[in-house]
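Here's a quick tour to read with the model open beside you. Take it one topic at a time and find each piece as you go.

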Amino acid sequence: MRFNADEIASVLQQEIEQFESQIDVREVGTVLEAGDGIARVYGLSGVMSGEMVEFPNGVQGQAFNLEENSVGVIILGDYLGIAAGDEVRSLGRLLSVPVGEAVIGRVLDPLGNPLDGKGPVDAREYRPVEVIATGVSQRQPVAEPLQTGIKAIDSMTPIGRGQRELIIGDRRTGKTAIALDTIINQRESGVKCFYVAIGQKDSSVAGVIAELEKHGAMAYTTVVVAGASSPAPLQYVAPYAGTAMAEHFMFNGQHALIIYDDLSKQAVAYRQLSLLMRRPPGREAYPGDVFYCHSRLLERSAKLSDALGGGSLTSLPIIETLEGEVSAYIPTNVISITDGQIYLQPDLFFAGQRPAMNAGISVSRVGGKAQVKVMKKVAGGLRLDLASFRELEAFAQLGTELDAATQARLDRGYRMVELLKQPQYKPMHVVDQVLSIYAGTQGYLDDVPVTAVPAWEEAFLSFVRQHKPGLWKTLDERKDMNAEVEAEVKTAIGEFKSQYTAAKPSA
Amino acid sequence: MSKAVRQPTVFESGQEHLGAVYAKALLGAAALAGRAAVVDELDSFVDDVLDRLPSLEATLGSPRVPADAKLTLLDKGLSGRMSGTLLTFLKVVCRHGRFNCLRAVRQAARQQWNELEGRVDVQVRTPQPLNADTCQLVTRRLEALLGKRVNLSVREDESLIGGMVVRVGDMVYDASVANELRRVRESAVDLVIHAARESLERFAPPESNA
């Protein structure tokens, strides 16, 4: 595109006419040493903790360590152009990032700079990256559900708006898949989504963005990227930056969801910074305040009181374990901070159960309060039933002869496990989930072969949508199931079964 | 290591700390009336002796030379040529193996003496040399502003284009033309981006509007 130079000149002229000359007062210091993402600065005697500083090449930093004779600065950018002897100036402000509608649909770095080539972020508002979380009087209990669209999660470990639910598991067990499905499922819920990628391969992040675009989720999603090649300070700051962007919507009475993928990498980046800053190492060489690093971050997720607009920020932090070791330092820390965890197990994953959630040790401390009533009724005992099925299954593998009742429980368990399998990028509406799980738990699938369960479910749900739209709508509107509606559901299942069996007599 | 200390700012914070401790001791040991003299004498010793005889500085700062030999050397070379206070001080510094901090001591002593006297070092950078009248004017204005007597040092810096930059301690007062131009550029770029985002058609050439 060509530009009209006269018009640009008039804008510039207007700016020059309005420009007021003033003396620039700043505090300065001198770089003593720089490298590995940090710098030690002599001077800056009045700088405050967390204050921004600027190096001569325009790169910004943040005062991190205030020592007797020097200031430890984390460099938020390319540190290779900074040399000993360079003048550093304090900027007299805290690290802030652009917030608001302008960041939605964008891919940004932790400082709010665009990485997607779609031009500058035209934000009218900025928000400090580090703020103290809201207090008890400004909150209300979590009670409103956030539907992930994943049957296993919405039925057994429901997530409420304002909750912190940890997704934990070994590498390649489907942690990011759960997060992405949850984002994709927010298309019609109005929840703004933020995906913070920390220390990940750029190729993986590009894949995530492509999937989000493919499913139309980038329209309400912001991706904050501090990849594996980003300096440690940016990886450390990224979750706080993403939270600041998400908090803006929470404080404006809206709902937001943030995914931290993953916090173990952030802890490693923080450990690197702390060790370079000569802070004393503790367990696994992490600094003593690594717990606070995560607790102050996750505490910012909240359900605000009605007086403050009733907005919410739900967070799904991800932690990667090594060989299933959940008792390592960082996993135990984050487990203790969050309101529950979804534990993904490699052997379940490789056995074909996806999502590979271990129902026995996955919990949601908010529980049924964050479930729609109908789901609570239908799936109330599902988690415990499934956990006892797993025990029974292990026992059955010993080759013991089982009585008919035990065999029937096992058979139903196999079908429920099959029913809870769900392909990636196929989140389900809560009414569909309810109908499926109702059919499973009430034994309507007992005569269906285990391998035919997914096909049966698909056909059943399509039958209800086509032939019983009234029932579907009633469930969607009321989100509850009284005796009358339950009878209707039973009739619908009966009708479908007779039709399905007739159509597929061999099944 | 001593090379780094020759920079305008102390680059080794550990040495700076030691320098401040020894400087306080030196000023304390000197009689009230003799403080100015001993600070000047230390300046002269560093500038006129150590700068001209780097081997002497290397010998006195070397850990391989025994302390007794250093004391003998100081006695033979400097006794009667400097005040007793400074000579004793240099011997103490040598005995403690801290001779490599002497330049930091000198800087700290000058700074502490300035503070005691209510004086402050001010560096001024200008694109062109200042004449004596302007220097006096700047000094008087700064003294009125800071409430202290000012030791003015002026340095030329053509990159400033116009105006001047004054540095007092860690504070910099930048009234240079270069800084003004930088600010104009930043705000103009922001303004054009905002204007373009609001109505891009405004910037399209006339023929494409037609």
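This is a predicted model: local features need pLDDT of at least 70, side-chain atom pairs count only at pLDDT 80 or more; totals for chains, interfaces and linings use all residues.

Residues are numbered from 1 along each chain as its sequence is written, while chains are lettered from A and ligands numbered from 1 in the order in which they are written. Helices (H or I, at least four residues) and strands (E, at least two) are DSSP runs, numbered from the N terminus.

**Where chain A meets chain B**

- On chain A, 29 residues are in contact with 28 residues of chain B; "in contact" is used when the C-beta atoms of two residues, placed from the backbone, lie within 7 Å.
- On the chain A side, α1 (5–18), β1 (24–35) and β2 (38–43) are the elements that give two or more residues.
- β1(A) supplies the largest share of that side, with 8 residues.
- Sorted by class, the chain A side has 13 nonpolar, 9 polar and 7 charged residues. Here Ala, Val, Leu, Ile, Met, Phe, Trp, Tyr, Cys and Pro count as nonpolar, Asp, Glu, Lys and Arg as charged, and the others, Gly among them, as polar.

**A helix pair across the two chains**

- Two packed helices are described by the angle between their axes and the distance between the axes. The axes are lines fitted to C-alpha atoms, for helices over the stretch in contact, and angles run from 0 to 180 degrees between N-to-C directions.
- α1(A) packs against α9 (residues 177–198) of chain B at about 135°, with the axes 10 Å apart.
- That angle makes α1(A) oblique to α9(B); angles under 35 degrees count as roughly parallel, over 145 as roughly antiparallel, 65 to 115 as roughly perpendicular and the rest as oblique.
- From α1(A), the contact uses A:Ile8, A:Val11, A:Leu12, A:Glu15 and A:Ile16, and α9(B) brings B:Val184, B:Ser187, B:Ala188, B:Leu191, B:Val192 and B:Ala195.
- That contact has 9 nonpolar, 1 polar and 1 charged residues.

**Helix pairs inside chain A**

- α12 (residues 404–420) and α14 (residues 453–467) of chain A cross at roughly 60°, and their axes come within 9 Å, so this pair is oblique too.
- A:Arg415, A:Glu418 and A:Leu419 of α12(A) make the contact with A:Val453, A:Pro454 and A:Glu457 of α14(A).
- By class, that contact splits into 3 nonpolar, no polar and 3 charged residues.
- α7 (residues 290–298) and α8 (residues 329–337) of chain A pack at about 35°, with axes 10 Å apart.
- Their contact includes A:Phe291 and A:His294 of α7(A) and A:Val334 of α8(A), and its residues divide into 5 nonpolar, 3 polar and no charged.

**Chain B on its own**

- Chain B is divided into domain 1 (11–114) and domain 2 (118–204), with bounds from an automatic or database domain assignment.
- The centres of those two domains, taken over C-alpha atoms, are 38 Å apart.
- Just after α5(B), B:Gly80 takes a positive phi of about 85°.

**Backbone details in chain A**

- A cis peptide bond, with omega about 0°, joins A:Asp261 and A:Asp262; A:Asp262 sits in the loop between β13 (255–261) and α6 (263–276).
- The bond from A:Arg354 to A:Pro355 is cis, with omega near 0°, and A:Pro355 is in the loop between α9 (346–350) and β16 (363–364) of chain A.
- A:Leu44 isn't a glycine, yet it has a positive phi of about 50°.
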